[in-house]
Amino acid sequence: TDELTARLHASVSAIESVLPDGYIERALSGTPISPKEYQQNLRLLDHYATQNDLRYLYVLTAMGGQVRYLADSATESEQKSKHYGNFLQPYSDVGDQVLTALRSLPRGGQRTLHLQDRYGEFFTYLQVKSSLRGQPYVLGADILYAHVQQQMNEVLVKSVLFALVLLLIGS
């Protein structure tokens with residue numbers, strides 16, 4: 001999972017460069033984000049997530065005691081069915097866990113979590129950042145938990161086979 005965590009960290013670190021310059025600052029300042037721009041960002045983040053074998057990339061913040069979306073990724077079918085987090089929409093499914101990360105982690109701090117919400121079950125990587133005005137926000141990346149379990153099972157099988165080969169050689 002160290003390799004996986006490193007991959008998620010790299011992807012989270014890229015979110016700000018995938019989004020248009022200044023987007024997060026504008027979104028945090030209350031400047032309206034047009035539906036067209038938000039949709040474009042959905043596609044940009046989804047493209048990056050797909051290229052890196054991730055399920056979702058997103059940006060969240062706390063407003064009024066709730067976690068809210070600033071940016072999300074969504075597949076083409078999710079976009080067509082409008083099954084994604086809209087701009088400033090509350091993310092209530094696991095909001096408490098994200099709020100805890102926002103409040104307890106220092107700026108630049110990271111946390112990995114096993115999360116389950118209406119979109120699925122994920123191994124999640126969160127990094128807390130701060131805007132130029134000091135407003136905290138979270139960059140997040142999700143990979144399907146089943147994918148993580150599959151990778152762990154493959155490592156276990158390889159380890160067992162290696163041990164058996166060593167045992168046979170030693171006999």
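Predicted model: local features only at pLDDT ≥ 70, side-chain atom pairs only at ≥ 80, totals over all residues.
**Notebook: sheet and helices**

Nine bridges hold β4 to β5 (residues 136-144), and the two strands run antiparallel.

I checked the confidence, and the mean pLDDT of the protein chain is 85, with 85% of its residues at 70 or more. Where is confidence lowest in the protein chain? Helix α6 (residues 145-170) has that spot, at a mean of 60. Helix α2 (residues 23-29) is where confidence is highest, at 96.

Next I looked at the other side of β4. β4 (residues 120-130) pairs with β3 in the antiparallel sense, over eight bridges. Here glutamine 116 is opposite glutamate 121 in β4. The hairpin from β3 to β4 takes two residues.

Then I went to β1 and β2. Strand β1 (residues 56-63) is joined to β2 by six bridges, again antiparallel. I looked up methionine 63, and its bridge partner in β2 is glutamine 66.

Putting the strands together, I get an open sheet of five, ordered β2-β1-β5-β4-β3, with antiparallel pairing. Which strands are at the edges? They are β2 (66-72) and β3 (110-117), each of which pairs on one side only. From one strand to the next, the twist averages 35°.

On to the helices. I found helix α3 (residues 35-51) lying across β1 and β2, and it runs at about 80° to β2.

α3 also packs against helix α1 (residues 2-18), at an angle of about 150° and with the axes 11 Å apart. Over 145 degrees counts as roughly antiparallel, so α1 and α3 get that label relative to each other. Their crossing is right-handed.

Terms used. Residues numbered from 1 in each chain as written. Heavy atoms only, no water. Pairing = 2+ DSSP bridges. Helix = DSSP H or I, 4+ residues; strand = E, 2+ residues; numbered from the N terminus. Axes fitted to C-alpha atoms, helices over the stretch in contact; angles between N-to-C directions. Contact = heavy atoms within 4.5 Å. Parallel < 35°, antiparallel > 145°, perpendicular 65-115°, else oblique. Left-handed = near helix turned anticlockwise from the far one by under 90°. pLDDT = per-residue confidence, 0-100.
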